[in-house]
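My entries follow the order in which I looked.

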Amino acid sequence: MKQILILSGKGGTGKTTVAAGLAHLASGTASLVLADADVDASNLELVLHPQLEETTPFEGGVKAVIDPDLCTACGRCAEVCRFEAVLAGDEAYAVDPVACEGCAACYYQCPVEAIAMNPTQAGEWYRSRTPWGVLFHARLFPGEENSGKLVTTVKQNANLWAIREKADYMLVDGPPGIGCPVIAATAGTHLALLVTEPSMSGLHDLERILGTVAHFQVEAAVVVNKWDLKPSRAAEIEAFCRDRGVSLIGRIPYDDAVTRAMVSGEPVTAVTDGPVTAELWRIWRAVADILAD
Amino acid sequence: MIISVASGKGGTGKTTVAVGLALALLEKPPADVASVTLVDCDVEAPNAALFLRPALGPEEVVELLVPSVDAERCTLCGRCAEVCQYHALAVVVDKVLVFEDLCHGCGSCTMVCPEGAISEVPHRIGTVARGRVGSMRFAHGHLDIGRPIAVPIIRQAKRGMHDDKGVLVLDAPPGAACPAVASMRGADFVLLVTESTPFGLHDLQAALQVARDELGIPVGVVINRDGIGDDGVERFCLDEKVPILLRIPFERRIAESYADGVPITQTVPELRTGLLELYGRVREAVA
């Protein structure tokens, strides 16, 4: 079983469009398990017709709660908190749950044991059936911490399923950025597919995500979406990939079929046989070739 | 006045709007705006500087204080590992291992060590640089490659950048998790930039929950690439009574000049008026 992870650095370059298109195309000849690792903006479910089969609560971490009856307003908690999460009060202090990172420093320092560390449900994760494979996805409750831990939970469950069902591939739609959820998503990945766009921002962020996957020793290949929207910037990306010795395996043209597909809730490859679908086919064959080596 | 420009979904045009708003205010400052500042809080993928080309001062290194255990004094009692909520410390046979990248720098282990064997040492996680674009003050941060924790860099980038008589525009990262929260917290108003597609709508809902429901900050929506997709965002804003403050049309010239790092106020000069009107409505909502 080979794991493919779609990343981008910059948001909105087309990760989910590529993920859904590849899932739709590849599932014709191979068995897939799908995962959406963008747990605070999970969009893959919007185009894969998921039929929910299982929901599991996700316990994020703990958050401090101060008992106002026990609190003597000594201020020790505010003194030790480094996350600006303790709000001072005349008679009792309180914790801002949005700012609290659950470190429990205040809990251990409170001289009158007025603080409890309460577990919080930070989200839930789902197993759904789709026409193109079983999908593992999740929802981090807005404003919660621990997105990396939820990504790991989603991926571990998808991985177990893929191994048990002897799937050929696990295809993972990743989060934007280069930080904690991205790092969590790279674990166990055989190939990172980096989706970029022909713009200064696209190239700038491609360089950062390429550095990140290289740091974790994951092989990468690049896909340029909306390739023809700015040919001069596309050429820059092409040169950059050559310089870095990373293969550029796809040039997806701009096509409003992509938006139409999103609106009708389908993978783009299900609504058009045009150039976007042809290119996604080429990309899938290139991915399969790389992973066959 | 602090205005945070956020979105939920990535790539909807946060940087376009943040840069456009800051430049519109700078070029034709309303009477109440004594200064304009922009802080790029997307420290994982910071792009505002590509559009503003600021003159930057030296980089400040952002460090997290992580534990360092003095082996001479450590009795391997394990109290530090017990209190650490992030599993950043582990006691093995003859020493304490520290996993710096899991550490949030809370200092709890140092405080509880009964032998006073733990001291805190700086661990580099990124950088912040400050500078100017004409009379606009500017700051951005960069998370170092391979480091997971972005929030301390966001906090440091924001620090000291706000003055009461000016407008501070924060360009937030995508999503609705801690980096996005850190970039909205303390703002007087959150502008949610979206596009009129099901993806834009889905992620707008999450961002709205953070900004309005969790943080209690007034919000307004900017629809970018107006006209593509469907009317789901419009209907949602109507139902939720969220004002739509600006629409940016979908035009090839906008996409092309975006690609070249040209601010939208240069490509579509008439948008300046719209952005200043937007500011006026934000001011009314905050007052």
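I started with the largest cavity, which holds about 110 Å³ of space. The model is predicted, so I read every value below as computed from it. I counted six cavities of 30 Å³ or more. Strand 4 of chain B has the largest share, with three residues.

**Cysteines.** I then went through two cysteines of chain A. The sulfur of Cys74(A) has its closest cysteine sulfur in Cys110(A), 6.1 Å away, so the pair is too far apart for a bond. Cys103(A) is in no disulfide either; its nearest cysteine sulfur belongs to Cys106(B), at 4.0 Å. My cut-off for a disulfide is a sulfur pair within 2.5 Å. Is Cys103(A) buried or exposed? I put Cys103(A) down as buried, because its relative accessible area is 8% and the limit for buried is under 20%.

**Second largest pocket.** I noted a volume of about 370 Å³ for this pocket. It is lined by 21 residues; the closest to its centre are Glu84(A), Arg155(B), Lys158(B), Ala182(B) and Arg185(B). I also looked up which elements give two or more residues to the lining. They are helix 5 (151-158), strand 9 (167-171) and helix 6 (178-184), in chain B.

**Nonpolar cores.** I moved on to the packing. The largest nonpolar core has 123 residues, and Leu194(A) and Leu192(B) have the most contacts inside it. Helix 7 (residues 198-214) of chain B gives the most to this core, seven residues. I listed the contacts of Leu192(B), leaving aside neighbours within four places in sequence. Leu192(B) touches Ala6(B), Ser7(B), Leu204(B), Ala207(B), Leu208(B), Val219(B), Gly220(B), Val221(B) and Val222(B). I also found a second, separate core of 41 residues, which includes Val5(B), Phe51(B), Leu271(B) and Val282(B).

**Domains.** Last, I looked up the domain assignment of chain B. It gives domain 1 as 2-35 + 163-286 and domain 2 as 62-124. How many Å apart do the C-alpha centres of these two domains lie? I wrote down 42 Å for domain 1 and domain 2 of chain B.

Conventions. Residues numbered from 1 in each chain as written. Chains lettered and ligands numbered in written order. Predicted model: local features only at pLDDT ≥ 70, side-chain atom pairs only at ≥ 80, totals over all residues. Heavy atoms only, no water. Core = buried A, V, L, I, M, F, W, Y, C linked by side-chain atoms within 4.5 Å. Buried < 20%, exposed > 50% of the residue type's maximum accessible area, 1.4 Å probe, protein only. Helix = DSSP H or I, 4+ residues; strand = E, 2+ residues; numbered from the N terminus. Contact = heavy atoms within 4.5 Å. Domains from an automatic or database assignment. 1 Å grid on protein atoms, 1.4 Å probe; cavity = no way out; pocket = protein on both sides within 12 Å on 5 of 7 lines; lining within 4 Å. Points joined across faces, edges and corners; volume = space filled by probe spheres on them.
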